[in-house]
Amino acid sequence: KYRGNVKEWCALSFGNLTANPLNNGSSLYCEGELVENLVIPKIITEINPYAFAGCTSIKTVVIHVNVEKIGSYAFDGCKNLTIKCEANKQPSAWDVNWNPSNRPVEWGYDE
């Protein structure tokens, strides 16, 4: 189990899908707790490629407007996920394949 927090997890870099332990484990635990409803901390401005790929434990993720960049395949294979973005549309610096599994996205989300 991963013992760090979400901020640290977003900063990890995976070179490909198989390098991400979620590809085999499918559940993300941060600080000892199963992550099902994820709120990306407002301090995060970038989500690295493959960051949450293969994670089936996450049901919702809230992405704040200050996330300027999301890498390729960041949410690939997250089959239970609904994505809530504060941005009104996809920012230009987000990779075109950030959500290749076409999980539902709610643009203009306001908590």
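## Strand pairing, nonpolar core and aromatic pairs

Strands β3 (residues 37-39) and β5 (residues 60-63) pair in the parallel sense, with 3 bridges between them. Within this pairing, Val39 stands opposite Val62 of β5. The model described here is predicted. Strand β5 is also joined to β7 by 4 bridges, and these two strands likewise run parallel. Here Val61 has Ile83 in β7 as its bridge partner. As a general principle, side chains in a regular strand alternate between the two faces of the sheet.

The largest nonpolar core of the structure comprises 30 residues. The residues with the most contacts inside this core are Leu28, Ile40, Ile47, Phe52, Ile63, Ile70 and Phe75. Helix α1 (6-11) and strands β5 and β7 each supply at least two residues of the core. The largest share, 3 residues, comes from α1. In soluble globular proteins, nonpolar side chains tend to be buried together.

Leaving aside neighbours within four places in sequence, Ile70 is in contact with Ile47, Ile63, Phe75, Ala93, Trp94, Asp95 and Trp98.

| Aromatic pair | Centre to centre | Angle between the planes | Arrangement |
|---|---|---|---|
| Trp9 and Phe14 | 5.6 Å | 50 degrees | tilted |
| Phe75 and Trp98 | 6.1 Å | 85 degrees | edge-to-face |

Both Trp9 and Phe14 are buried. The pair of Phe75 and Trp98 links distant parts of the chain, its members being 23 residues apart. Phe75 lies in the loop between β6 (69-70) and β7 (82-85), whereas Trp98 lies in the loop between β7 and β8 (105-107). Phe75 counts as buried because its relative accessible area is 1%, under the 20% cut-off. Trp98, with a relative accessible area of 3%, is therefore buried as well. Ring pairs also link Phe75 and Trp98 with Phe52, Trp94 and Trp107 into a cluster.

The loop between β7 and β8 also contains Asn102. Is Asn102 buried or exposed? Asn102 is exposed, because its relative accessible area of 65% lies over the 50% cut-off. Between Asn102 and Ala87 there are 17 Å in space, C-alpha to C-alpha, and the two are 15 residues apart in sequence. The loop between β7 and β8 thus holds both Trp98, which is buried, and Asn102, which is exposed.

Note on methods. Residues are numbered from 1 along each chain as its sequence is written. This is a predicted model: local features need pLDDT of at least 70, side-chain atom pairs count only at pLDDT 80 or more; totals for chains, interfaces and linings use all residues. Side-chain values use heavy atoms; hydrogens and water are left out. Rings of Phe, Tyr and Trp (its six-membered ring) pair if their centres lie within 6.5 Å; planes under 30 degrees apart count as stacked, over 60 as edge-to-face and the rest as tilted. Buried means under 20% relative accessible area, exposed over 50%, partly exposed in between (1.4 Å probe, protein chains only). Two strands pair if DSSP finds at least two bridges between them. A nonpolar core is a set of buried Ala, Val, Leu, Ile, Met, Phe, Trp, Tyr and Cys residues joined through side-chain atoms within 4.5 Å. Contact means heavy atoms within 4.5 Å.
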